[in-house]
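Visitor: Please put the structure on the screen, and then we can go through it by question and answer.

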Amino acid sequence: MSVIQVQQLSKQFRTRVSSQQKTAWLTKLFRPQYRSIDAVKQVSFSVEEGEVVAFLGPNGAGKSTTIKMLTGILQPSGGSSTVLGFDPAKQRRQLAWQIGSVFGQRSQLWFHLPPADSFRLLGAIYELEPSVLARRTAELVERFALQDYFDVAVRKLSLGQRIRCEIAASLLHKPRLLFLDEPTIGLDVVARREIRSLLSELNSVEKVTVFITSHDMGDIAKVCKRAIIIHHGEVVVDESMKDLKHRALAKKYVGVRYQEPVQFSTGGLQPLKATDRSASFEIDTRQHSLPELVRRLSGLGELEDITIEDEPLENVIADIYAARSEQAARNVTAGGRAKDAAAKSAGSGKEAAGADNGRTTGSGESQAAGGLS
Amino acid sequence: MITEKKKQTTLRRNSLGSYLRFMAMAFRINVKSVLEYRVNFMLQFFGMMLNNAAFAAFWAVLIERTGGVGGYGFADIMFVWGFVSSGFGLAHIVFGNIRGLSRIAIEGGLDVYLLQPKDPWLNLLASRTIVSAWGDFVYGFIIMLLLPGIGIERWLIFLSLLVPSALLFSAIFSAAESLCFFMGNSSSISSAISEFLLTFSLYPEGVHAGWYKWILYSLIPSAYIAFVPLHVFQSLSWPLVPLLWGIAIVYILLARLLFRQGLRRYESGNRMDARI
Amino acid sequence: MSTLRMRLRAAGAAAAIGLKDKLAYRINFGGTMLTYALFVFVFSRIWASSLGDSSIAGYNYSMMVWYFIVAEIPLFALGRFFWTLSRDMKSGQVAYQLSRPYDFVAYQFWERIGSALPDLLILMLEGLLIGLLLTGGFPPALAAVGPPDIAAASTGLAGTAAAATGVAAWLRLLFVPLSLLLSGIVNFYLQFALSMTAFWLEENEAFFWIFQKIALVVGTLLPIEFLPEAAQRIVVWTPFPYIAYAPARIMTAFELSGALRLIAGQLLWAVIGLALARLVFRAGSRKIAVNGG
């Protein structure tokens, strides 16, 4: 069963343009100029019950705007969405009973009071019976290990402790769907890891569907099973985490260091960096054989060290973004031409890009195309 | 299954009782946060008393010299100050966010309330208390105790009119703050409206000239906050009590309507450059 | 000589910073202007209804309105040094500035006075406008001011005397801004001394409240002459009459010897205030040096 269904969802913001002229205030008063910004452009996707989905994108990509439309905070400019069978734009309050949310920057806890008090007030807001509330609170306090600071004013808590309380609070009314907007923003490594493991556990124990926005790759790689990547308001990738990781695995970084200076000859593969005793290579395993390369390298001289690394997920996504931007730029130049002509120009553009930036861009582009189809 | 869910919804959710429980809980938490800041509270309380005492001294000196201002004697002035002070205090105790509404909206802080299944306007307003308001609130009671010859009936009038007075304050403050949805940064206008309402309420009706008095019965309803209550208090005209309640309810409903109209323009901090 | 010039330059720069800071927040000041106008208006109604054509303690309606217009200016334009100073104290700004190689008290003085000057100027103009609208003219003591009679000056001794009174009448008008400025200086040093108690006390607002409320009753809302005689005898020994009463009295009932006496009193309290401010500040910063902030 689909928990979230989004079709062609769009959001435009109108902002006043302020000019730098001396008389700007005059024109502003009488003829304000507006500029619309497409924050979200015809986004479509769906989320199934029980999934943990990552909603990724750089700052300003439209993540928060989308999540705000799905929770009914913002009215969409176009398209439609259904969340748990409700239309968030029209049935925000009915929907609110069934969802929980943590917006990293906005606290639902009272700053000057201990979390315990906020939980009591939330109990009243979600109309939980006192006995139910007490049982549920105890359960969450234990699961999130809040015992030590449940009676300490929120202003005295660390950010990590506060976020734990926020997430626990958002689960008080047993929501079927949990929205997390940048839950780990500003957290240190340890707190981040704790929150991640809590989220994984949560999904399996509470059977709650989780929808996370983040720009931290670590968050999603550990917790999520599926990723939707949004860029400039459009969905550029929607696939399982496994596939996304597979892309990352397709590319390897190999670093070698020798005891003595050697002559590098690796069959056409140019090193990214090289000194007389060390070098690093980037290889696409779909084009080159990794064992073959390692064998060649070890044959060159006495190895001191060899490292083989996967491509960081950040890079994979950065490639996709880069490819998208390029394609968008090409679409502008190719606008109005016949289809095959556009395709041809796209082909030549690809070659040029490949020559410029090496394989990174080229392979990224083909992946982006795959993601789009 | 759907019908069952629907039934549950209509039976239990967002009933009057649940709102009362919510408000009671919010109030309890408000009191607790006041106790959390005991020293601050005492200071604010003391400061309020001092401020009011300064003005009481002013009126004492003035009325000693003139024998009365705008038809008010010293006892009348003191009643108005005490009553307005308590009504103003009550509004800020129960609806502590009333003066912060526009700032919260501009910073995108309404999100939290929109995500919860209670009325966002009520939820927002009730989610804070102003510590110094307790000083204002108590001041009226102290005045009532000090004024000579206050019988049970006058106490009842005082108490029965506090709620409409607080509602009227809340309505005007909320409406003034809601202007931010329509005109961006409205803090100057909002605070001016609030200042006008309070100032006009604290001084005798008789000093005002006819050409602008109608404003005090409409846009800046000081009449219903201070002038009419004083009349009711003096002449024990009980029939005016339900009338004042009715007027206050109309004002508060209009204020809520204005907020809801404005909420449609809410952009969750996206438009706002005023973030601090 | 050159150190004096350097000092003046530093003072000028400090005042300019305060001024610029203020101009950036000029929109906020619109609210203050509105509240000031509202206060003056409501009180003018009170005087209109309670005085009519009569007068109390020598003040008639027109004088009372002018009195109030001038007396409120120190409250609105010069009355808030304490808050900004306290805020800077608590946020650690002051501790940071202590390490700078200039005279802290003097720097603060110039910066705050600099930032208060535009407010003072704007409120004076606004007050002038409101006063003319409400009373239809200047208070009698100043209304006599005519153009100085230069022609008469050349016709002998009597003419010189007449011209002198003409010029003196014009000079009277300058007494009011001068007295307001002195009021600002007295206000600053006293509030500075009060705010520096934050070196010892976390919550020192209570001192300021008491100060402000006494100032309100003594001279701001009502002329000193309205107070009971016993109270009048006491308050003349305090600085409070020299904050709001002095400029307002000069405005409403000008009389040269009285005006000079008030100005002298203001100067005296400015000096006492400065001494007090330096004393409290030195004791406080020594405490910081000992305890390490």
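Visitor: Which elements are included in what covers the buried residues of helix 14 of chain B?
Guide: This is a predicted model. The buried residues of helix 14 of chain B include B:Leu244, B:Ile247, B:Ala248, B:Tyr251 and B:Ile252. Their cover in chain B includes helix 7 (120–126), helix 9 (152–178), helix 10 (180–183) and helix 13 (222–235).

Visitor: How far apart are the end C-alpha atoms of helix 14 of chain B, and what should the helix span?
Guide: Helix 14 of chain B covers residues 240–263, which is 24 residues. The expected span takes 1.5 Å times one less than the number of residues. That gives 34 Å, and the end C-alpha atoms agree with it, as they are 34 Å apart.

Visitor: What does the same check give for helix 11 of chain B?
Guide: Helix 11 of chain B has 16 residues, 187–202, and several of them are buried, including B:Phe196, B:Leu197, B:Leu198 and B:Phe200. At 1.5 Å a residue the helix should span 22 Å. The distance between its end C-alpha atoms agrees with this, at 23 Å.

Visitor: Which element of chain A gives the most to the side that touches chain B?
Guide: In this contact 26 residues of chain A meet 23 residues of chain B. Strand 1 (2–17), helix 3 (92–96), strand 5 (99–103) and helix 4 (115–125) of chain A each give two or more residues to that side. With 5 residues, the element that gives the most is helix 4 of chain A.

Visitor: How do the residues on that side of chain A divide into nonpolar, polar and charged?
Guide: The side in question is the one of chain A that touches chain B. Its residues divide into 13 nonpolar, 6 polar and 7 charged.

Visitor: Which helix of chain C gives the most to the side that touches chain B?
Guide: Here 24 residues of chain C meet 25 residues of chain B. Helix 2 (26–51) and helix 10 (205–220) of chain C each supply at least two residues. That side of chain C divides into 15 nonpolar, 5 polar and 4 charged residues. The most, 11 residues, comes from helix 2 of chain C.

Visitor: How many helices and strands are there in chain C?
Guide: Of its 293 residues, 39% count as buried. Among contacts in chain C between residues at least 6 apart in sequence, 79% join residues at least 24 apart. The count for chain C is 13 helices and 0 strands.

Visitor: Is strand 6 of chain A buried or exposed?
Guide: In a regular strand the side chains alternate between the two faces of the sheet. In strand 6 of chain A, one side carries A:Leu177, A:Phe179 and A:Asp181 and the other A:Leu178 and A:Leu180, and both faces are covered. With 5 of its 5 residues counted, strand 6 (residues 177–181) is buried.

Visitor: Which residue is the bridge partner of A:Leu177 in strand 7 of chain A?
Guide: Strand 6 of chain A pairs with strand 5 in the parallel sense over 5 bridges, and there A:Ile99 stands opposite A:Leu177. Strand 6 is also joined to strand 7 (residues 209–214) by 5 bridges, again parallel. In strand 7 the partner of A:Leu177 is A:Thr209.

Visitor: What separates the centres of domain 1 and domain 2 of chain A?
Guide: Chain A is divided into domain 1 (2–244), domain 2 (245–310) and domain 3 (313–372). Taken over C-alpha atoms, the centres of domain 1 and domain 2 are separated by 43 Å.

Visitor: Where in chain A does pLDDT stay under 50?
Guide: Chain A averages a pLDDT of 78, and 78% of the residues score at least 70. For the stretch under 50, the model has 35 contacts beyond four places in sequence. That stretch is residues 334–373 of chain A.

Key
Residues numbered from 1 in each chain as written. Chains lettered and ligands numbered in written order. Predicted model: local features only at pLDDT ≥ 70, side-chain atom pairs only at ≥ 80, totals over all residues. Helix = DSSP H or I, 4+ residues; strand = E, 2+ residues; numbered from the N terminus. Buried ≥ 20, exposed ≤ 12 C-beta atoms within 10 Å, placed from the backbone. Contact = placed C-beta atoms within 7 Å. Nonpolar A, V, L, I, M, F, W, Y, C, P; charged D, E, K, R; others polar. Domains from an automatic or database assignment. pLDDT = per-residue confidence, 0-100. Pairing = 2+ DSSP bridges.
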